[in-house]
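I would like to walk slowly through one model with you, so please have a look at it first.

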Amino acid sequence: MICVCICGGGWEWGIYSSLGQSTPNLAAFAKAKAAAYNVFKMMELKPVINANIGTQEVPTSIQGNIEFSHVEFSYPSRPDVLIFKDFSLTIPAGKTVAIVGGSGSGKSTVVSLIERFYDPNAGVLIIFVVL
Ligand SMILES: Nc1ncnc2c1ncn2[C@@H]1O[C@H](COP(=O)(O)OP(=O)(O)O)[C@@H](O)[C@H]1O
Ligand SMILES: [Mg+2]
């Protein structure tokens with residue numbers, strides 16, 4: 001195949017001018033590349049909690065107590081900051097419980113542990129299920 005390219009000064013000027021205009025965005029490209037690297041690294045992480053292990057039965061209701069017993073917990077991203085130390089709480093079956101405390105005291109973390117977004121570092125969290 002024969003390809004003939006006839007180029008004039010105007011064409012070259014156009015290319016160099018476009019490159020020049022993109023220069024201020026190079027920092028943004030570098031930032032996006034670094035951010036994408038972190039996103040892909042996170043997507044490759046294997047979850048510690050495997051939801052597919054064990055029984056596949058999903059209870060439609062929970063009729064037992066929810067019990068935190070001597071729970072110690074820190075978030076995986078900040079392992080040195082203890083959120084709970086020797087934390088015990090019993091939520092009786094069928095009762096409505098209010099968890100009260102200042103901002104950052106751990107109310108949402110209690111719920112995250114019940115939903116098993118995380119596991120305690122130590123102690124146990126038991127949800128008694130009657131199937
Ligand atoms: N995903 C997270 N990763 C790391 N630390 C967190 C995370 N979520 C909450 N925390 C920290 O855990 C502590 C308790 O937060 P949280 O349970 O949200 O409190 P509350 O709901 O009572 O305001 C705070 O110090 C908060 O900064
Ligand atoms: Mg909260």
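This is a predicted model: local features need pLDDT of at least 70, side-chain atom pairs count only at pLDDT 80 or more; totals for chains, interfaces and linings use all residues.

Residues are numbered from 1 along each chain as its sequence is written, and chains are lettered from A and ligands numbered from 1 in the order in which they are written.

The chain has three helices and three strands, where helices (H or I, at least four residues) and strands (E, at least two) are DSSP runs numbered from the N terminus. Reading from the N terminus, the order is α-α-β-β-α-β. Of the 131 residues, 6% count as buried; here buried stands for 20 or more other C-beta atoms within 10 Å of a residue's own, exposed for 12 or fewer, and partly exposed for values in between, with C-beta atoms placed from the backbone.

Which residues make up the largest nonpolar core? They are Phe68, Val71, Phe73, Ile83, Phe84, Phe87, Val110 and Leu113, and such a core is a set of buried Ala, Val, Leu, Ile, Met, Phe, Trp, Tyr and Cys residues joined through C-beta atoms within 7 Å. At least two residues each come from β1, β2 and α3 (107-114), and β1 gives the largest share, with three.

Turning to ligand 1, the residues around it include Tyr75, Arg78, Ile83 and Lys107, each counted when its C-beta atom, placed from the backbone, lies within 6 Å of the ligand. This shell divides into two nonpolar, eight polar and two charged residues, with Ala, Val, Leu, Ile, Met, Phe, Trp, Tyr, Cys and Pro taken as nonpolar, Asp, Glu, Lys and Arg as charged, and the others, Gly among them, as polar.

Lastly, the backbone angles. Most residues other than glycine have a negative phi. His70, in strand β1 (residues 66-73), has a positive phi near 50 degrees, and His70 counts as partly exposed because it has 13 C-beta neighbours inside 10 Å. Asp86, in strand β2 (residues 84-91), also has a positive phi, near 55 degrees, but Asp86 is exposed, because 11 other C-beta atoms lie within 10 Å.
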